Amino acid sequence: AWKKHSAREFKTKEEFENEAVRHIETTLARSLFNCDEAAAYAGTALAFRDRLVIEWNKTQQRQTFADQKRVYYLSLEFLMGRALDNAMLNVGLKDVAKEGLADLGFRMEDIISQERDAALGNGGLGRLAACFLDSLASLNYPAWGYALRYRYGIFKQEIVDGYQVEVPDYWLDFNPWEFPRHDVTVDINFYGSVSQYVDDDGKQRTVWDNGEIVTAVAYDAPIPGYGTTTTNNLRLWSSKASHGEFDFTKFNSGEYEQSVADQQRAETISAVLYPNDSLERGKELRLKQQYFWCAASLFDIVRRFKKSKKPWKDFANQVAIQLNDTHPTLAIPELQRILVDLEGLGWDEAWTIVQATFGYTNHTVLPEALEKWSVPLIQHLLPRHLQIIYEINSQFLQYVEKSFPKEKDILGRVSIIEESQPKMVRMAYLAVIGSHKVNGVAELHSDLIKTTIFKDFVKIYGPDKFTNVTNGITPRRWLHQANPKLSELIASKLGGYEYLRDLTLLHKLEAFVDDKDFRKDFQAIKYANKVRLAQYILEHNGVKVNPAALFDVQVKRIHEYKRQQLNIFGVIHRYLEIKAMSAEQKKKVQPRVSIFGGKAAPGYWMAKTVIHLVNQVGKVINADKEVGDLLKVVFLEDYNVSKAEIIVPGSDISEHISTAGTEASGTSNMKFVLNGGLVIGTCDGANIEITREVGEENIFLFGNLAEDVEDLREAHHKQGFELDPLLKRVFETIRSGTFGDAGQFSALVDSIVDHGDYYLVSDDFKSYIDTQNLIDQSYAKQEEWVTKTILSVARMGFFSSDRCIDEYAEMIWNIEPLKPETNG
Ligand code: 26M
């Protein structure tokens with residue numbers, strides 16, 4: 001009797017309306033008389049959710065019975081954005097829903113924009129994890145994501161008087177996409193003590209207990225694939241006091257306040273996403289988050305494995321765990337602890353399993369971003385794990401000593417423990433030692449980690465432990481969803497949407513590069529997307545921009561290494577040039593709109609100064625009648641995934657201008673090109689591979705190369721350097737107070753003039769300006785420009801996250817897809 005599910009299928013708009021209305025009236029208990037956009041969103045979301053849930057259950061059942069290897073992606077961040085549009089497109093019934101909503105008096109865009117972004121991430125690393133989930137499901141890989149269910153995601157950015165102000169992002173008011181699993185809980189231990197005893201078999205055993213216990217509760221979200229019924233799971237852990245709401249023993253004995261305080265203390269663990277994306281600050285709560293999440297996830301994974309009744313030696317044939325950066329590195333000593341202390345395996349046997357299970361992805365070479373935790377802090381919070389880390393280190397160092405008996409210094413260099421005051425645990429080294437594969441995220445980056453931070457480890461383990469998997473993006477969200485008109489035009493030429501499942505098929509577009517109608521349509525779509533972006537800018541910034549101008553976009557986290565300062569100094573230079581022109585000369589200027597967006601970490605003063613400068617420069621230039629439409633400058637508030645979906649399709653040129661060797665990959669560069677924009681960039685990260693794919697005539701590269709950066713910095717230090725004269729003029733303008741009190745910007749200017757210009761802004765300035773001028777000339781030749789953009793789109797197939805996931809699956813995880821049964 002329980003064999004059949006009662007799937008609420010709908011195929012027609014009438015059936016969709018029935019489902020949506022049923023949810024509005026019964027699930028939400030609302031009368032249709034006051035059905036507003038929020039209610040219409042809820043009804044639509046719940047109707048599609050029903051569809052997903054059925055497939056989700058089936059997928060999980062199928063994966064359990066199939067008895068094959070699964071991959072678990074451990075990431076503290078999943079920057080998912082909105083779910084409804086994605087769900088509608090994946091189920092394939094967006095048009096049906098659109099007609100149904102129209103009958104009910106609503107426009108699809110308005111309904112979609114009711115949803116709050118799931119903003120559980122900072123930037124590139126978190127968005128990559130989200131693209132990976134989409135690809136894993138679309139390619140039918142059995143995969144789960146594990147993260148924390150933050151009550152507050154990345155803060156909302158408000159710009160007040162030109163300054164960034166952080167506002168909390170409480171996103172859980174109404175979230176139809178998550179399912180609380182109050183029956184799936186794990187008790188997590190902190191602090192306490194370690195003791196030893198001899199068990200019944202005479203074996204020496206270690207126990208860790210008597211600490212503080214916090215309970216992890218699972219919340220699951222369905223991850224639907226595109227063009228398949230496979231629906232994977234994203235499991236988010238929420239923390240709560242282990243004794244439930246509050247402790248009644250304490251309550252009854254008058255310790256009510258303490259009881260509530262305990263409850264809050266527990267809930268604090270999953271309360272908020274840390275908003276840094278580079279600087280490591282060593283806060284205890286952050287370490288608690290990491291352990292809480294790693295321990296809950298591993299318990300869950302091991303519990304699932306144990307249900308299969310397989311011997312432990314099969315563990316790594318059933319389980320692959322990928323560490324997204326070093327944030328989940330504690331999973332390594334945790335699995336070793338489970339195997340040795342709880343399951344009674346021998347150390348070596350356990351360690352073999354651990355190494356075979358984990359893979360580690362590195363996302364940065366910036367020294368200030370490499371995670372380190374103080375030994376006393378770990379000793380206090382996780383005493384057993386510290387012992388295990390020391391044992392791992394001791395065995396590793398013995399091995400190194402044996403292999404390199406003559407090298408005195410190597411042991412100190414590669415030790416997991418840095419002999420500083422206090423001692424520190426180097427998490428990246430632990431991650432390398434505990435994994436069977438380590439990968440970088442673009443070719444240059446993967447080469448760099450082998451010659452810099454992990455150089456000694458390449459010697460110790462050999463080069464095969466280190467590999468590259470160049471990042472990718474999902475074409476479903478970043479083309480089909482964000483740019484439906486372009487996606488449709490491409491489908492009309494390629495004979496359908498199959499290219500969304502195999503992006504290399506885009507190469508067939510090259511055949512249409514001279515097709516007049518196609519070019520016209522392609523250009524018209526770009527223009528329409530720019531009109532939409534112009535409307536957005538008018539609404540949110542009150543600045544009227546001309547959609548025929550060249551739209552120049554730099555949207556990403558604000559960081560000195562990403563060099564938004566280079567961009568805004570370039571804008572000031574452009575302004576000065578225009579101001580010096582005669583009316584005749586001005587006629588030849590290519591009008592431009594400079595668009596900035598991105599969040600600064602709340603404690604990162606230099607980054608906040610850059611935001612302030614951009615806003616001040618915009619205020620002056622936008623009001624200058626002599627400049628008019630020739631130059632406009634806007635800073636778009638609160639850049640996030642759903643805003644990227646509007647901004648990316650509306651760009652002509654986007655800036656990816658990090659100091660060479662600092663940006664591991666970059667992924668928005670791929671999104672912009674896929675949407676018919678071109679790139680101005682340095683020879684850094686994935687820009688290099690984009691150049692290889694689209695051809696160097698279709699990208700605007702400039703600046704010094706990674707291999708020269710070190711020497712330039714040294715030269716700055718030893719003999720000082722001559723400031724670029726054009727940049728000097730820019731600084732003089734700032735100092736003269738043109739953009740308000742110059743004191744506000746002195747730290748920024750001084751970092752270049754007086755403090756060695758670590759990010760080589762001055763060294764690259766001339767080359768940047770020249771390249772921007774080249775772009776103006778190139779854009780003026782519209783036919784050539786359109787050719788460049790079409791060819792570029794046609795050549796972007798490589799950058800699908802599907803390719804990327806297939807590479808991980810084959811090289812690192814050794815897993816196979818599990819295809820759902822297909823009908824007919
Ligand atoms: C660290 C400590 C405490 C709190 C937060 C952090 C932290 C959080 C996120 C550190 C780094 C974080 O992300 C870094 C990141 O986004 N890296 C980017 O990863 C992308 C995907 O691989 C690359 O494309 C980018 O080049 C890289 O900067």
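A: Let's begin with a pair inside: Asp638 and Lys643 are both buried. This is a predicted model, and in it the two form a salt bridge whose closest N and O atoms are 3.4 Å apart.

Q: Where do Lys306 and Glu343 sit?
A: Lys306 is in helix α9, residues 284–307, while Glu343 is in the loop between α11 (331–342) and α12 (347–357), so the bridge ties together parts 37 residues apart in sequence.

Q: And how accessible are Lys306 and Glu343?
A: Lys306 is partly exposed, at 39% relative accessible area. Glu343 is partly exposed as well, with 26% relative accessibility.

Q: Which residues are linked in a network of salt bridges?
A: Here is one network: Arg181, Arg235, Arg303 and Arg304 are linked in it with Asp220 and Asp300.

Q: Switching to the surface: which residues form the negative patch?
A: Glu14, Glu15, Asp95, Glu99 and Glu488 make up a negative surface patch. The elements that contribute two or more residues to it are α1 (13–27) and α4 (94–103).

Q: Where is Glu15, and how accessible is it?
A: Glu15 belongs to helix α1. Its relative accessible area is 35%, so it counts as partly exposed. A patch residue needs over 30% relative accessible area and no salt bridge.

Q: OK, cysteines. How many disulfides are there?
A: The search of the whole structure finds zero disulfides. Take Cys131: the nearest cysteine sulfur belongs to Cys804 and is 9.3 Å away.

Q: Is Cys131 buried or exposed, and what about Cys804?
A: Cys131 is buried, at 2% relative accessibility. Cys804 is buried too, with a relative accessible area of 0%.

Q: Now the backbone. Where is there a cis peptide bond?
A: There is one between Gln421 and Pro422, with omega at about 0 degrees. Pro422 is in the loop between β15 (417–418) and β16 (424–426).

Q: Which residues have a positive phi although they are not glycine?
A: Asn210 is one, with a phi of about 65 degrees. Arg563 is another, also with a phi of about 65 degrees. As background, most residues other than glycine have a negative phi, and most peptide bonds are trans.

Q: Where do I find Asn210, and is it buried or exposed?
A: Look in the loop between β9 (204–209) and β10 (212–224) for Asn210. Asn210 is exposed, with 66% relative accessibility.

Q: And Arg563, where is it, and is it buried or exposed?
A: Arg563 lies in the loop between β19 (550–555) and α22 (564–579). Arg563 is buried, and its relative accessible area is 0%.

Definitions and conventions: Residues are numbered from 1 along each chain as its sequence is written. This is a predicted model: local features need pLDDT of at least 70, side-chain atom pairs count only at pLDDT 80 or more; totals for chains, interfaces and linings use all residues. Side-chain values use heavy atoms; hydrogens and water are left out. Patches are made of residues with over 30% relative accessible area and no salt bridge: like charges are joined within 9 Å, nonpolar side chains (Val, Leu, Ile, Met, Phe, Trp, Tyr) within 5 Å. Accessible areas come from the Shrake-Rupley method with a 1.4 Å probe; for residues, only the protein chains shown count as cover. A salt bridge is a side-chain nitrogen of Lys or Arg within 4 Å of a carboxyl oxygen of Asp or Glu. Lys and Arg count as positive and Asp and Glu as negative; His and the chain ends are not counted. The place of a charge is taken as NZ of Lys, CZ of Arg, CG of Asp or CD of Glu. Helices (H or I, at least four residues) and strands (E, at least two) are DSSP runs, numbered from the N terminus. Buried means under 20% relative accessible area, exposed over 50%, partly exposed in between (1.4 Å probe, protein chains only). A disulfide is a pair of cysteine sulfur atoms within 2.5 Å.
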